[in-house]
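Please consult the sequence and the structure while reading.

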Amino acid sequence: VQPNNYSTFYDDQRQNWSIMFESEKAAEDFSKQVCIAKCNSSPALDSVLCQDLLLGEGQGVEGGDSLEVAYTGWLFQNNGLGQVFDSNVNKDKLLRLKLGSGKVIKGWEEGMLGMKKGGRRFLIIPPAWAYGAQGVAARVPPDSTVVFEVEVRRVKLAKECSGSDGLSVSSRDSPAPSPVPSSDGFSSD
């Protein structure tokens, strides 16, 4: 995804192509379809598929950063987008989360890394990285692959928090337990 409704990609011969779309919506729809095609062509989805729709500005987020997010979640059904099972897009409240805290599904923890303020991303998340065998009562059947479109509206970087001496302290060099996720994607707390 490039600015001004451009997308670039390589074909199977490693030749670089660039497409300009008439509108932002057309560029986003194309990007979503590329991600869905990637999902449908893989024998088994064993990790999160991410496709940027809009890049955003500023620094990419990492573990420990706090975000406010607008999102919509669909069930992945019949090789495409099924019914919406959750959304906060037309509501007053954004979802607040701290990346790496283990408070959201593992697919979000992984799939949102590197996003920037104002960025939008399309995530296709396999059951093991989403709601697993239990699903969500009356909304997400067990062992469902789910799709989210997430938009980062606000970001507070972990390293912007200042220590008692007034100097900036990064969560990565702090002597306190780090909020950065461990290898399984969840923090020790």
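A charge is said to sit over a ring if NZ of Lys or CZ of Arg is within 6 Å of the ring centre and within 35 degrees of the ring normal. In this predicted model, the charged end of Arg14 is placed in this way over the ring of Tyr10, 4.3 Å from its centre. A further case involves Lys106, whose charged end sits over the ring of Trp129 at 4.5 Å from the ring centre.

Rings may also pair with one another. A pair of aromatic rings is described by the distance of the centres and the angle of the planes. Across the whole structure, a search finds 7 aromatic pairs. One of them joins Phe85 and Tyr131 in an edge-to-face arrangement, with 6.1 Å centre to centre and 90 degrees between the planes. Phe85 belongs to strand 5 (residues 80-87), while Tyr131 lies in the loop between strand 7 (120-125) and strand 8 (146-156), so the pair ties together parts that are 46 residues apart in sequence. Both Phe85 and Tyr131 are buried.

The rings of Trp108 and Phe148 have centres 5.2 Å apart and planes at 85 degrees; because planes over 60 degrees apart count as edge-to-face, this pair is edge-to-face. Here too, distant parts of the chain are linked: Trp108 is in helix 2 (residues 106-111) and Phe148 in strand 8, 40 residues apart. Trp108 counts as buried at 3% relative accessibility, and Phe148 is buried with a relative accessible area of 2%.

Note on methods:
Residues are numbered from 1 along each chain as its sequence is written. This is a predicted model: local features need pLDDT of at least 70, side-chain atom pairs count only at pLDDT 80 or more; totals for chains, interfaces and linings use all residues. Side-chain values use heavy atoms; hydrogens and water are left out. Rings of Phe, Tyr and Trp (its six-membered ring) pair if their centres lie within 6.5 Å; planes under 30 degrees apart count as stacked, over 60 as edge-to-face and the rest as tilted. Helices (H or I, at least four residues) and strands (E, at least two) are DSSP runs, numbered from the N terminus. Buried means under 20% relative accessible area, exposed over 50%, partly exposed in between (1.4 Å probe, protein chains only).
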